[in-house]
Amino acid sequence: MLTVRTFNIRWVKLLVSASACFTLTVLCTGYVLSKLMSTNLVSVLDRRVDRSLGDQFSQDVQGFPDTFWHEFAPNRQSTNEHNQIILIRRPKGIDLDPKPVTLVANISLAGLGLAELPASRPPQCVLLGFGKCGTSALLEFLDLHPQIVTLDWEIDYFCERMYPKYDLQWYVKRMPPSYSDQITIEKSPCYIVEHDSHIRMHAMNSSLKIMVIIRDPITRLLSEYGHYYATETYWGRPAVSFEERVYNHKTKEFRTAQILKVGDYSPHFEHLLKVFPRNQILIVDGDKLVTDPLSQVRLVEEFLGLQHEVSKQDIYFDNAKGFFCMKLRNSGETKCLGKSKGRQHVQIDANFKKKLIEFFAPYNEQFFKLVGQKFDWLK
């Protein structure tokens, strides 16, 4: 006998089954649509860079068949050669629109008494740092400014290992929450040495402001060795001496491939200046950041068009640690860089240091001429 209770249970089961089928259909449809839409995010840049053109370059943007998805990026050539083909993404539609923070996306502004809600926004400035030049330290000091918001991890988005996998909306969603009157900054060391990154950043925003932090290449090399030595020691592996790492005593020559890949700044700046105009690039002195961080913070404030908010009251020298730390205004607490920062550099023989100075001298002079700026190095 069919009772009312049995009848209701059957209807419930039928509704549940129908709901499950509908959900599955929606998910499958969404997946297919997302794949079809992803094809619109792919383009290539056939860039013919002629050194005789200086900062000028020509470009042709070509399309791929509808069946070409960004997961299958074309094989690319070196960015130092002509007629290269690389994967780029130009913003379309809502790609660069602010992405509301998930937890507050549906909260009423009036209920919180706010004029706007925080959202993830594309960076207006990107920090390109040569490894061991102080990129992390610079962002820590810039975080003291109320109108600057920084990403506290290296997303490496514009580099080859990440860019083919993710679109611009994915990138924007990874930025820290900010308000419309704040400037978002992110950084990565690979952005300066992987030249394709320069072109990809320009494709996203040709008005993007670029900061590059550098330091005396010998000091940078010593800092890099300190990182190498600490890593090898931690894992129980034998570490070669600094001299052995950079100099071949058998051939009486420096290991140029080892020390110039990052230590010669000119090739990387030469390419960067072909993509971005000089007035959109600020060079930060990593050595002065160690001895006088406030001077470099003020340079950045001026470059970004911000008021000087960071003062001597916010930065102090910690005698116990041997480097500068920060006082946080909101909590009154102090903050210093991590244990891996500020390592003591290995002492090197005076004669060997003289060899290093002579070796780097022509590369540094070339760099000074290229950027129209001199630095107090190698004395």
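Good morning. I begin with helix H10, residues 266–275, which is mostly covered, since eight of its 10 residues are buried. Buried here means under 20% relative accessible area, exposed over 50%, and partly exposed in between, with a 1.4 Å probe and protein chains only. Helices (H or I, at least four residues) and strands (E, at least two) are DSSP runs, numbered from the N terminus.

This is a predicted model, in which local features need pLDDT of at least 70 and side-chain atom pairs count only at pLDDT 80 or more, while totals for chains, interfaces and linings use all residues. Residues are numbered from 1 along each chain as its sequence is written, and side-chain values use heavy atoms, with hydrogens and water left out.

The buried residues of H10 include Phe269, Leu272, Leu273 and Val275. His268, His271 and Lys274 are also among them.

Which residue is found in the loop between H9 and H10? That loop holds Asp264, which is buried, with a relative accessible area of 10%. Leaving aside neighbours within four places in sequence, Asp264 is in contact with Ile259 and Tyr363, where contact means heavy atoms within 4.5 Å. The C-alpha atoms of Asp264 and Phe360 are separated by 8.1 Å, although these residues are 96 apart along the chain.

I turn to the helix pair. Helix H9, residues 256–263, packs against helix H13, residues 350–371, at an angle of about 35°, with the axes 12 Å apart. The axes are lines fitted to C-alpha atoms over the stretch in contact, and angles run from 0 to 180 degrees between N-to-C directions. Thr256, Ile259, Leu260 and Gly263 of H9 meet Phe359, Phe360 and Tyr363 of H13. These contact residues divide into five nonpolar, two polar and no charged.

Next comes Lys132, which UniProt lists in an unreviewed entry under "active site"; such annotations may be inferred rather than shown by experiment. Lys132 lies in the loop between strand S6 (125–129) and helix H3 (135–142). Is Lys132 buried or partly exposed? Lys132 counts as partly exposed because its relative accessible area is 26%. Not counting residues up to four places away in sequence, Lys132 touches Arg215, Arg220, Ser223, Glu224 and His227.

Finally, the chain as a whole. There are 13 helices and 16 strands, and 42% of the 379 residues count as buried. Among contacts between residues at least 6 apart in sequence, 69% join residues at least 24 apart.

Conventions:
Nonpolar A, V, L, I, M, F, W, Y, C, P; charged D, E, K, R; others polar.
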